[in-house]
Every structure is written in C-alpha cells, then in structure tokens.
Amino acid sequence: QNPWQEMFGEKALELIRELQRCSDGTLAPYNEDGVRQVLDEMKALFEQNQRDVRATAEGQQGLYAAIHFRHASLERNQRCLLAYVYERMLRLKQFRWEFGSVLPRDVQLNLHEQEMQWFGSYSRNLASYMRSVGGGMGLDITQDMKPPKSLYIQVRCVMDYGEFETEDGTVLLLKKNSQHYLRRSHCEHLIRQGILEHIVS
C-alpha cells in the first residue's frame with residue numbers, strides 16, 4: 001500500500017483541534033510527538049512524489065493524479081504545522097503582557113525548549129523598547145491594560161510570597177491574608193499571577 005493512500009493529514013488536523021480545545025487562554029503541552037509524526041508523514045509523501053515524478057519523466061503514465069494529491073496533502077500539513085506554531089507563539093506574547101517576564105510554572109512546563117528561548121528573546125526586546133520610551137525615564141506599557149480608576153488600590157495576599165520590593169525601594173512582607181495599600185503599577189503583575197487580589201469595596 002502506498003503511503004499517500006493512508007495519509008490524509010489527520011495527524012496535522014489533530015494538532016489544530018488540540019489548540020481549539022485550549023482556546024480559553026491556556027496552553028497545552030507542546031505536542032512534540034504529534035509534530036514529529038506530521039513531519040515524518042510529509043517526508044514520506046515528498047519522497048513518494050519524487051519517485052513518481054522521475055517515473056513520469058521516464059514515460060510512465062497515470063501518476064499525475066497521485067502526485068497532485070500528495071502535493072496538496074504536503075501543503076495542507078505545512079499550513080497546519082505553521083498555524084500550530086504561530087498560534088502558540090501568539091499565546092506566549094499574550095502571557096508576557098499578562099504575567100510579565102516570568103511565566104507561571106505550569107505554563108513553563110508546557111513549553112518546548114525553543115518556545116522558552118523565543119519567549120526570553122521577546123521579553124528582552126519588549127523590555128528594551130520600554131526602557132527607550134518615556135523621555136529616557138522608561139515606560140512599562142504592560143501596566144494598566146485597562147485605564148485605572150485610581151493610582152492606589154487595596155490588595156489582599158492570597159498566598160505566602162515573602163519579601164516584595166516596590167519600585168521606590170519599599171520592602172513589604174507579603175503573607176497570606178495580609179492586606180496592603182499599594183500603587184497599582186507596583187502590584188499589577190502580582191495580581192495577574194494570582195499572588196495578590198484586588199479588594200473591591
């Protein structure tokens with residue numbers, strides 16, 4: 001049985017379905033095995049096409065439809081792989097704006113090594129840009145994703161975190177259930193990470 005008869009891009013489509021199942025801002029573990037299977041499938045399709053193209057050049061008839069089918073399957077698999085990698089990259093960018101330069105442990109465990117490297121590079125580029133704006137003072141553009149109603153907010157510590165130093169050098173001890181009145185810009189990332197919660201009066 002020829003490889004093209006049993007390969008219809010199901011493995012590539014499963015990668016896309018996997019992304020759709022995690023559409024709520026989460027990220028499933030990088031499916032290295034699934035990606036490798038798709039690449040193996042593409043290699044088999046490409047090699048069979050090469051053989052059939054050589055046979056056609058030598059005068060064999062009736063192979064064009066199979067060649068065309070395999071080529072279309074190759075392109076579809078390629079689009080699915082690119083969509084898988086690109087969508088994961090977009091979610092990593094979103095996480096950088098939500099969580100800051102340090103990803104939560106559960107997110108880190110779901111990343112491929114190269115995704116971690118890409119995230120580090122993106123974080124450095126973003127930090128470099130933020131330092132360059134604001135008239136030499138720098139500007140954290142990841143703060144205040146929504147316009148704030150006030151500069152200071154009341155927060156409660158959800159877990160024991162330890163010492164936390166604000167931008168002005170003040171050191172606070174963040175213990176579970178302790179409450180603090182902080183500048184919003186000092187604690188926004190901790191709120192996003194679930195370490196602090198905003199007390200809404």
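Phe-99 is buried, with a relative accessible area of 14%, where buried stands for under 20% relative accessible area, exposed for over 50% and partly exposed for what lies in between (1.4 Å probe, protein chains only). Phe-95 is likewise buried, at a relative accessible area of 2%. The model is a predicted one, in which local features need pLDDT of at least 70 and side-chain atom pairs count only at pLDDT 80 or more, whereas totals for chains, interfaces and linings use all residues. Residues are numbered from 1 along each chain as its sequence is written, and side-chain values use heavy atoms, with hydrogens and water left out.

**Aromatic pairs**

The structure holds 4 aromatic pairs; rings of Phe, Tyr and Trp (its six-membered ring) pair if their centres lie within 6.5 Å, and the pair is stacked when the planes are under 30 degrees apart, edge-to-face when they are over 60, and tilted for the rest. One of these pairs is formed by Phe-95 and Phe-99, which are tilted, at 5.7 Å centre to centre and 45° between the planes. Both residues belong to helix α4 (residues 64-99), and because they are 4 residues apart there, about one helical turn separates them. Helices (H or I, at least four residues) and strands (E, at least two) are DSSP runs, numbered from the N terminus.

The rings of Tyr-152 and Tyr-181 are stacked, since their centres are 5.7 Å apart and their planes stand at 20°. Tyr-152 lies in strand β1 (residues 152-157) and Tyr-181 in strand β4 (residues 179-183), so this pair ties together parts that are 29 residues apart in sequence. Tyr-152 is partly exposed, with a relative accessible area of 39%, whereas Tyr-181, at 57% relative accessibility, counts as exposed.

Helix α2 (residues 10-21) has 12 residues and reaches 16 Å from its first C-alpha to its last, close to the expected 16 Å, a span taken as 1.5 Å times one less than the number of residues. The buried residues of α2 are Ala-12, Leu-15, Ile-16, Glu-18 and Leu-19. They lie on the same side of α2, because they cover an arc of only 150° around the axis, the arc being that of the directions from the helix axis to the C-beta atoms. Gln-20 and Arg-21, on the other side of α2, are exposed. The cover over the buried residues of α2 includes α3 (32-57) and α4.

Leu-13, also in helix α2, is partly exposed, with a relative accessible area of 23%. Leaving aside its neighbours within four places in sequence, Leu-13 is in contact with Arg-76 and Cys-80, contact meaning heavy atoms within 4.5 Å. The C-alpha atoms of Leu-13 and Arg-76 are separated by 9.1 Å, although the two residues are 63 residues apart along the chain.

The largest nonpolar core has 12 residues, among them Ala-12, Leu-15, Val-35, Met-42, Leu-74 and Tyr-84; such a core is a set of buried Ala, Val, Leu, Ile, Met, Phe, Trp, Tyr and Cys residues joined through side-chain atoms within 4.5 Å. The elements giving two or more residues to this core are α2, α3 and α4. Another core, of 11 residues, lies apart from it and includes Val-155, Phe-164, Leu-190 and Leu-196.

**Two further residues**

Glu-115 lies in helix α6 (residues 113-132) and touches Tyr-30, Arg-88, Leu-92 and Asn-110, not counting residues up to four places away in sequence. Asn-177 is found in the loop between β3 (171-174) and β4, and has a positive phi of about 75° although it is not a glycine.

| Residue | Relative accessible area | Class |
|---|---|---|
| Glu-115 | 11% | buried |
| Asn-177 | 54% | exposed |

**The chain as a whole**

The protein chain contains 7 helices and 5 strands, which follow the pattern α-α-α-α-α-α-β-β-β-β-α-β along the sequence. The radius of gyration of the protein chain is 25 Å, well over the 17 Å that the globule rule gives for 201 residues, so the chain is more spread out than a compact globule; this radius is taken over C-alpha atoms, and the rule is 2.2 Å times the number of residues to the power 0.38. Along its principal axes the C-alpha trace spans about 80 × 40 × 25 Å. Buried residues make up 36% of the 201 residues in the protein chain, and of the contacts with a separation of 6 or more, 63% are accounted for by residues 24 or more positions apart.
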